[in-house]
Amino acid sequence: MRILIIEDDREAASYLTKAFREAGHVADHAADGEDGLAMAMDGPYDVLIVDRMLPKKDGLSVIGDLRSAGRDTPVLILSALGQVDDRVKGLRAGGDDYLPKPYSFSELLARVEVLSRRRSSGSAPETVYKVADLELDRLSHRVSRGGEDIILQPREFRLLEYLMKNAGQVVTRTMLLEHVWDYHFDPQTNVIDVHVSRLRSKIDKGFERPLIHTIRGAGYTVRA
């Protein structure tokens with residue numbers, strides 16, 4: 001396996017790098033969130049090990065940026081924050097596993113191997129979503145309808161991506177807050193309505209058939 005360790009504690013990072021190499025794997029190290037994100041975006045890693053509390057860019061932001069860019073590399077979060085709420089927040093941010101500190105290397109190695117096997121045995125992730133004549137490419141961040149490009153802001157893109165990923169299903173406000181806004185807003189805020197309205201004006205305006213539908217009392221759905 002090729003593993004990237006994003007950890008600002010140099011002693012801990014040195015220990016992990018050495019231990020993984022002794023176990024027969026390739027291990028690289030980034031000492032802060034910005035460098036870690038850049039390396040994760042550029043390098044073909046099998047698994048990322050990410051500390052939550054990092055300088056320059058925290059670990060959950062690194063994971064969120066990777067997922068927004070369509071990168072599906074498995075991520076194991078390593079953190080001194082080990083309460084249930086901390087673990088739930090890490091997994092909802094896009095992490096695949098969460099191991100609180102202190103930990104044993106044998107358990108960490110076993111979890112990393114499981115993540116790597118799970119990825120290699122799974123099918124290739126879907127990178128293009130299509131609903132009728134609407135198309136979203138997760139890798140190039142290109143959106144088009146009827147062959148015409150549509151320019152979206154980053155949050156609009158994430159909103160449409162999540163709706164299209166769940167095309168034909170009702171997506172609730174709570175689901176959107178969890179997966180698009182990461183609980184940064186009060187559930188009663190109208191931020192979702194505002195963004196859906198803006199998205200609708202870009203996606204449906206000028207077309208005969210609307211694709212974004214409001215399900216009264218439930219949420220939203222994208223369907224032909």
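This is a predicted model: local features need pLDDT of at least 70, side-chain atom pairs count only at pLDDT 80 or more; totals for chains, interfaces and linings use all residues.

Me: What counts as a helix or a strand here, and how many of each does the protein chain have?

Reply: They are DSSP runs numbered from the N terminus, H or I of at least four residues for helices and E of at least two for strands. On that basis the protein chain has eight helices and 11 strands. Its C-alpha trace spans about 60 × 35 × 30 Å along the principal axes.

Me: Why is L4 called buried?

Reply: Buried means under 20% relative accessible area, exposed means over 50%, and partly exposed is in between (1.4 Å probe, protein chains only). L4 comes in at 0% relative accessibility, so it counts as buried. The residue is in strand β1 (residues 2-6). Across the protein chain, 43% of the 224 residues count as buried.

Me: Is S116 buried or exposed?

Reply: Buried, because its relative accessible area is 16%. S116 belongs to helix α5 (residues 105-121). Its contacts, leaving aside neighbours within four places in sequence, are M1, D46 and V47.

Me: Why are α2 and α3 called roughly parallel?

Reply: Two packed helices are described by the angle between their axes and the distance between the axes. The axes are lines fitted to C-alpha atoms, for helices over the stretch in contact, and angles run from 0 to 180 degrees between N-to-C directions. Angles under 35 degrees count as roughly parallel, over 145 as roughly antiparallel, 65 to 115 as roughly perpendicular and the rest as oblique. Helix α2 (residues 33-42) and helix α3 (residues 59-68) pack at about 25°, with axes 10 Å apart. The two are therefore roughly parallel to each other.

Me: Which residues make that α2 and α3 contact?

Reply: From α2 you have G33, L37, A40 and M41, and they meet V62, D65 and L66 of α3. By class, this contact has five nonpolar, one polar and one charged residues. For those classes, Ala, Val, Leu, Ile, Met, Phe, Trp, Tyr, Cys and Pro count as nonpolar, Asp, Glu, Lys and Arg as charged, and the others, Gly among them, as polar.

Me: What makes α6 roughly perpendicular to α8?

Reply: The angle between α6 and α8 is about 80°, with their axes 10 Å apart. That makes α6 roughly perpendicular to α8. In the contact, R155, E156, L159, L160 and L163 of α6 meet H195, V196, R198, L199, K202 and I203 of α8. By class, the contact of α6 with α8 has six nonpolar, one polar and four charged residues.

Me: What makes a set of residues a nonpolar core?

Reply: The set must consist of buried Ala, Val, Leu, Ile, Met, Phe, Trp, Tyr and Cys residues joined through side-chain atoms within 4.5 Å. The largest such core has 27 residues, and those with the most contacts inside it are V143, L160 and L176. Its largest share, six residues, comes from α6. Apart from it lies another core, of 17 residues, among them L37, L48, L54 and V62.

Me: Last one: why is A132 called partly exposed?

Reply: Its relative accessible area is 43%, so A132 is partly exposed. A132 lies in the loop between β6 and β7. Its phi is near 55°, a positive value in a residue other than glycine.

Conventions:
Residues are numbered from 1 along each chain as its sequence is written. Side-chain values use heavy atoms; hydrogens and water are left out. Contact means heavy atoms within 4.5 Å.
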